[in-house]
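Hi everyone, thanks for coming.

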Amino acid sequence: MKCKASAAAVSWAILALSSVPAFAQEATPEHQISYNASITSDYRYRGLSQTRLNGALQGGVDYTHSPTGLYVGTWLSTIKWTKDLGGDGNIEWDLYGGKRGNISENLTYDVGGLYYYYPSNDLNPSANTFELYARLGFGPAYVKYSHSTTNLFGTANSKRSGYLDLGADIDIGDKMLLNLHAGRQEVNNNGAYSYTDYKAGITKDFGVASVSMAWVKASTKAYLSPEGKDLGRSMVVLSLSKTF
């Protein structure tokens, strides 16, 4: 369950551009394609482990039409949670598209839709989920709201569930960002599954790749692995990623 471009990735791009003298900058290409790949010690999405507190391999590709701010992309990750619910499949495949741009010099927006596809998940209701989202950014801070138009990740009668995401990615020097986040997942008609999640971490760009370390936690014990492990428990997650 991956939301389109992370604020950290956007901030690194801004940092990279700002470090180049104005006379050396080139015009932004009309069509931009980028690729990303990562490995993480635990795939946490909205505070919950998607991999039974184990590692995951991830990767994707994005296309942006610079003059209009329109974009589309896809992203995949290994998972285990659909099997935990009695279904099948071990892949999450995200497809998304939208439009981003500037409202003013410091105020940005990003609106779009995201489809989470779980091949052969065999769950009823299906794990496949579609959300609409809207994001406002001001400097390093942002607020984002996601709204499901389908059942939420296999939860019955959960259409129109919402997730509020507040955060900031703050430049602390030496090519490092302080990543702060708090989110609230409301599961419609299933209040027992609603919860709040938190994240605090640091991302450092080493040029050849970026490394992040983050503390994550979800304030719920409603999500358990088949072995009874708390999938939202407090944990430090390490990730290695590369965009090219």
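**A walk through the model**

On the cut-offs, buried means under 20% relative accessible area, exposed means over 50%, and partly exposed is in between, with a 1.4 Å probe and protein chains only.

A bit of housekeeping. This is a predicted model, where local features need pLDDT of at least 70 and side-chain atom pairs count only at pLDDT 80 or more, while totals for chains, interfaces and linings use all residues. Residues are numbered from 1 along each chain as its sequence is written, and side-chain values use heavy atoms, with hydrogens and water left out.

Back to Glu 186. Its salt-bridge partner is Arg 184, and the closest N and O atoms are 2.9 Å apart. By salt bridge I mean a side-chain nitrogen of Lys or Arg within 4 Å of a carboxyl oxygen of Asp or Glu. Arg 184 is partly exposed too, at 33% relative accessibility.

How many salt bridges are there by this rule? The count is 6. One of them joins Arg 52 and Asp 84, with 2.6 Å between the closest N and O atoms. That pair links distant parts of the chain, 32 residues apart: Arg 52 is in the loop between β3 (48–49) and β4 (56–65), and Asp 84 is in helix α2 (residues 81–84). Arg 52 has a relative accessible area of 23%, so it is partly exposed. Then there's Lys 221 with Asp 230, where the closest N and O atoms are 3.4 Å apart. Lys 221 is exposed at 66%, whereas Asp 230 is buried at 13%.

Now, zooming out. The protein has 2 helices and 14 strands; these are DSSP runs numbered from the N terminus, with helices being H or I of at least four residues and strands E of at least two. Of its 244 residues, 41% count as buried.

Let's look at some strands. β11 (residues 176–186) pairs with β12 in the antiparallel sense over 10 bridges, pairing being called if DSSP finds at least two bridges between two strands. Asn 179, for example, has Gly 201 in β12 as its bridge partner. β12 and β13 are antiparallel as well, over 9 bridges, and there Lys 204 has Val 211 in β13 as its bridge partner. Those two strands form a hairpin with 4 residues between them, and Gly 207 in the turn has a positive phi of about 90°.

In the loop between β12 (195–205) and β13 (210–218) you'll also find Val 208. Is Val 208 buried or exposed? It's exposed, because its relative accessible area is 67%.

Last stop, strand β9 (residues 141–148), which holds Ser 148. With 0% relative accessibility, Ser 148 is buried. A polar atom of its side chain lies 3.3 Å from the backbone oxygen of Thr 150. Which residues touch Ser 148, leaving aside neighbours within four places in sequence? Its contacts (heavy atoms within 4.5 Å) are Phe 130, Glu 131, Ser 158, Lys 159, Arg 160 and Ser 161.

Note on methods: A polar contact is a pair of N or O atoms within 3.5 Å; within protein, one must be able to donate a hydrogen and the other to accept it, and residues adjacent in sequence count only if both atoms are side-chain atoms.
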